[in-house]
Amino acid sequence: MDRIILAIETSCDETSAAIIKNGKIISNIISSQKIHSEYGGVIPEMASREHIKNISSIVKLSLSKAKIKKEKLNAIAYTKGPGLLGALMIGVSFAKGLAYALNIPTIAVNHIKAHIISNFIENENIKLPLLALIVSGGHTEIVILNKENKNFKTKVIGQTQDDALGEAFDKIAKILRIKYPGGPIVDKLAQKGNPNAFKFPDTNVKDLNMSFSGIKTAFMYFIKEKIKLNSKFIEDNLNDICASIQRKLIEMIINKLEKAIKTQRVNNIAICGGVAANSFLRKEMIRLQKKLDLNVYIPKFEYCTDNAAMIAKLADFKFQNQEFSNIKDIPNPRLKL
Ligand code: KG4
Ligand code: ZN
């Protein structure tokens, strides 16, 4: 019998639905909400309203793209958390309603764990233990992934004490008057700039933990001072500013990752989450791979930022373990790994 699962992701500002058949992703539809860019960040209530508007057509599209009739589904997976409560509610309710109508089980998925598992979409044979760097808009963590009784187990060995790396990119972009989400735009502009043009202080914390709010504040004062001397400082130097601050942010995270690799003595390394799409981070991972002789896994771009394919992949492992959720299961905005 085929194993066909529909997965729904609505934790933040992407409405996404994917179909996985016997472990292979056969459709992955992602609709990014544009509405938030005018406000410089995600407005939770608006995100929920957009999800309600989109979810039905996104699910239909994922089924038609996969050429699967809904009656053929064996289970429906949803993101249980972490995320915005109202946004999660839409996905969870839709998944439960459809599963009830079709008389099939539901599967609750942890969004952060799914980011790590996004690496398995194109590489079933990743060796464990895996050291994973999660860098998204809401999370920045270094995690060891292992298996125990067929279940994936995670252990957090380092994390940000304040802002996430994606959040730091977005806040820096905002100071540069770039629209939300600014991370990808900073990356694009940085490719035309000189990463050595400007220097920024070291503001990291001890051990494998990280901090990105200090560098953001230092950056804000740096820009204020420069603007006092030249009111067009940002416009005149935008590419160089982006390249220099991007280099600093990525160096901060790479230093921590290198330290983690050396102390944990693990040589299977993966990155995931929105910032894993960053071109400089991807290059640095290849450099690290050669320098330390590692097996490095980097997801395809469409599996870095929020997507239902990663939810489907983790759900597929759970399905094989018969790990289904109860009809009474509710979203948890602060769900831990
Ligand atoms: O994983 P994700 O889609 O959502 C969360 O779960 O948070 O990550 C979104 C974050 C945003 O902060 C966005 O600016 C950042 O990922 N991002 C990037 C790039 N692409 C997305 N940051 C730097 N460079 C990129 N190319
Ligand atoms: Zn995410």
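A polar side-chain atom of His111 lies 3.3 Å from an oxygen atom of ligand 1; a polar contact is a pair of N or O atoms within 3.5 Å. This is a predicted model: local features need pLDDT of at least 70, side-chain atom pairs count only at pLDDT 80 or more, and totals for chains, interfaces and linings use all residues. Residues are numbered from 1 along each chain as its sequence is written, ligands are numbered from 1 in the order in which they are written, and side-chain values use heavy atoms, without hydrogens and water.

**Contacts and cover**
- A polar backbone atom of Gly138 is 3.1 Å from an oxygen atom of ligand 1.
- Asn278 places a polar side-chain atom 3.0 Å from a nitrogen atom of ligand 1.
- The protein covers 89% of the 560 Å² of accessible area (Shrake-Rupley method, 1.4 Å probe) that ligand 1 has on its own.

**The shell around ligand 1**
- The shell has 20 residues (a heavy atom within 4 Å), and Gly137 and Asp170 are among the closest.
- Domain 1 (4-119 + 302-320) and domain 2 (165-299) both give residues to this shell, so ligand 1 lies between them; the bounds come from an automatic or database domain assignment.

**The largest nonpolar core**
- This core has 50 residues, and Leu131 and Phe212 are among those with the most contacts inside it.
- Such a core is a set of buried (under 20% relative accessible area, 1.4 Å probe, protein chains only) Ala, Val, Leu, Ile, Met, Phe, Trp, Tyr and Cys residues joined through side-chain atoms within 4.5 Å.
- Helix 7 gives the most to this core, with 14 residues; helices are DSSP runs (H or I) of at least four residues, numbered from the N terminus.

Notes: A polar contact is a pair of N or O atoms within 3.5 Å; within protein, one must be able to donate a hydrogen and the other to accept it, and residues adjacent in sequence count only if both atoms are side-chain atoms. Helices (H or I, at least four residues) and strands (E, at least two) are DSSP runs, numbered from the N terminus.
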